[in-house]
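Reader: I have the coordinates open and would like to walk through them with you. Could you take my questions one at a time?

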Amino acid sequence: MKKMIIQGGNRLSGEVTIGGAKNSTVALIPSAILADTPVQFDTVPDILDVHNLMIILESMNVHSSFKHGVLDIDPTQIIEAELPSKAIKSLRASYYFMGALLGRFHRATLTFPGGDNIGPRPIDQHLKAFEALGATVSENNGTVHLEAPNGLHGTRIFMDMVSVGATINAILAAVRAEGVTIIENAAREPEIVDLATFLNNMGAQIRGVGTDVIRITGVNSLQSMNTHTIIADRIESGTYLSLAAAMGDGVMINNVIPEHLEAYTSKLIEMGVDLKIDSDKIYVPKAEHLTAVHVKTMPYPGFATDLQQPLTPLMAKAAGVSTVVDTIYPKRVKHIPELQKMGMKIAADDGKITIEHTDHFNGADVEAGEIRAGASLVITGLMADGQTVIHKADNILRGYDRIVWKLNRLNANVRIEDDEQD
């Protein structure tokens, strides 16, 4: 594992360019195996999850290369093979290979995926969708077996709860199924729209993405004719917005899609951050005299669960008491004891996180339990006096494109080292 070492106190200024969306990328890479031609993605974030997905592809004889943000994948020689459980267990999004393999081969065997531990995230909605499409599902010793010997057939799928992962997996399986599939109570996230755009450009027939009813007419073949440019990462955008408001003397954030961030930027403006929002960039001036806000996470287009932790350090600078209620992952509280070590007045009780105004933060030895918890520690470390050492920094590197390089260009003092503690 790696550790991140931050010398706090530097004021930040300059500009930063947001990378491609992690949550799109981790669905797009598995979806590539549905193609009958090589595919190419542009603006791919340089994160650990991408490299782990490339290892999984290689196990199926799917060759890939990644250079300067361009990822080439050639699935034309794909074979069915046992997938490497270490790579599968390291990231939750590996479960998208279930839908993709089911769509391609009408069968799949995967160990249960890993990823961030942020409370219960069962995959029953995914399995229910696969069964509706005609697959049989069996599970033993942490391994899921899916099989549709008679092929997949279009059907009506109603999601009992809004789930991004289950919606994407249902699309991946249905896109090459026979007939029409209708997904009701579907998730509406921009990353789902991005995936459908990629598939439709290869000949898929997917309509209604971005609404809660998606209609898919299955096709026999998918062929890539052009490079797919991945949308900007709204969670990375929100993280840098918080960072710039907390410690910036004027920061320009480029390659942003403001429409994807409206629930978040409205909270920053409510706090007193005078954002200058353009069509594809946001300028964050030095922010002073912040006021407390109350945040409730909701499915898109509501306030994203992935942005409650990156906003926390800024909330601690605000006058008064701010609160967070996470309706998506109520157990997403791994950052709280670590932030307390740094002097933050933060606590969780009965599903509500309370953040009181904190004048002073001190550097400390802390641990990034998951990606967004890590982001909150990075921002607080930049605000703190002295040195902060974040252990398990791999969790941060899993989700943030070239974060050390980007922060140091803004005048931060950050480095990554191997962690002898492991």
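**Questions on a predicted model**

Author: Happy to. Let us begin with His68, which lies in the loop between β4 (63–67) and β5 (70–74). Please keep in mind that this is a predicted model.

Reader: Is His68 buried or exposed?

Author: His68 has a positive phi of about 50 degrees, although it is not a glycine. Its relative accessibility is 75%, and exposed means over 50%. His68 therefore counts as exposed.

Reader: Thanks! What is the phi of Thr43 near, and where is Thr43 placed?

Author: Thr43 sits in the loop between β3 (39–42) and α2 (48–59). At 30% relative accessibility, Thr43 counts as partly exposed. Most residues other than glycine have a negative phi. For Thr43 the value is positive, near 55 degrees.

Reader: Let us turn to the helices. How many of the ten residues of α1 are buried?

Author: Helix α1 covers residues 22–31 and is mostly covered. Among its buried residues are Lys22, Ser24, Thr25 and Val26, and Leu28, Ile29 and Ser31 are also on that list.

Reader: How are α1 and α2 oriented, roughly parallel or roughly antiparallel?

Author: The axes of α1 and α2 come within 10 Å and cross at roughly 5 degrees. Angles under 35 degrees count as roughly parallel, so α1 and α2 are roughly parallel.

Reader: Which residues of α1 and α2 meet, and how do they divide by type?

Author: On the α2 side, the residues are Asp49, Val50, Leu53 and Leu57, and they meet Lys22, Thr25, Val26, Ile29 and Pro30 in α1. The residues of this contact divide into six nonpolar, one polar and two charged.

Reader: And how are α6 and α7 oriented, roughly parallel or roughly antiparallel?

Author: Helix α6 (residues 164–174) and helix α7 (residues 190–201) have axes that come within 11 Å. These axes cross at roughly 10 degrees. That angle makes α6 and α7 roughly parallel.

Reader: How many residues of the contact of α6 with α7 are charged?

Author: From α6, the contact takes Val164, Thr167, Ile168, Ile171 and Leu172. From α7, it takes Ile192, Leu195 and Leu199. Seven of the residues are nonpolar and one is polar, while the charged ones number no residue, that is, "no charged".

Reader: Finally, the open sheet: in what order do its four strands come, and which are the edge strands?

Author: The pairing is mixed and the order is β21-β22-β1-β23. Each edge strand pairs on one side only; these are β21 (365–367) and β23 (414–418).

Reader: Which residue of β23 stands opposite Ile6?

Author: Strand β1 (residues 2–7) runs antiparallel to β23, and five bridges join the two. The residue in β23 opposite Ile6 is Val414.

Definitions and conventions:
Residues numbered from 1 in each chain as written. Predicted model: local features only at pLDDT ≥ 70, side-chain atom pairs only at ≥ 80, totals over all residues. Heavy atoms only, no water. Buried < 20%, exposed > 50% of the residue type's maximum accessible area, 1.4 Å probe, protein only. Pairing = 2+ DSSP bridges. Axes fitted to C-alpha atoms, helices over the stretch in contact; angles between N-to-C directions. Parallel < 35°, antiparallel > 145°, perpendicular 65-115°, else oblique. Contact = heavy atoms within 4.5 Å. Nonpolar A, V, L, I, M, F, W, Y, C, P; charged D, E, K, R; others polar.
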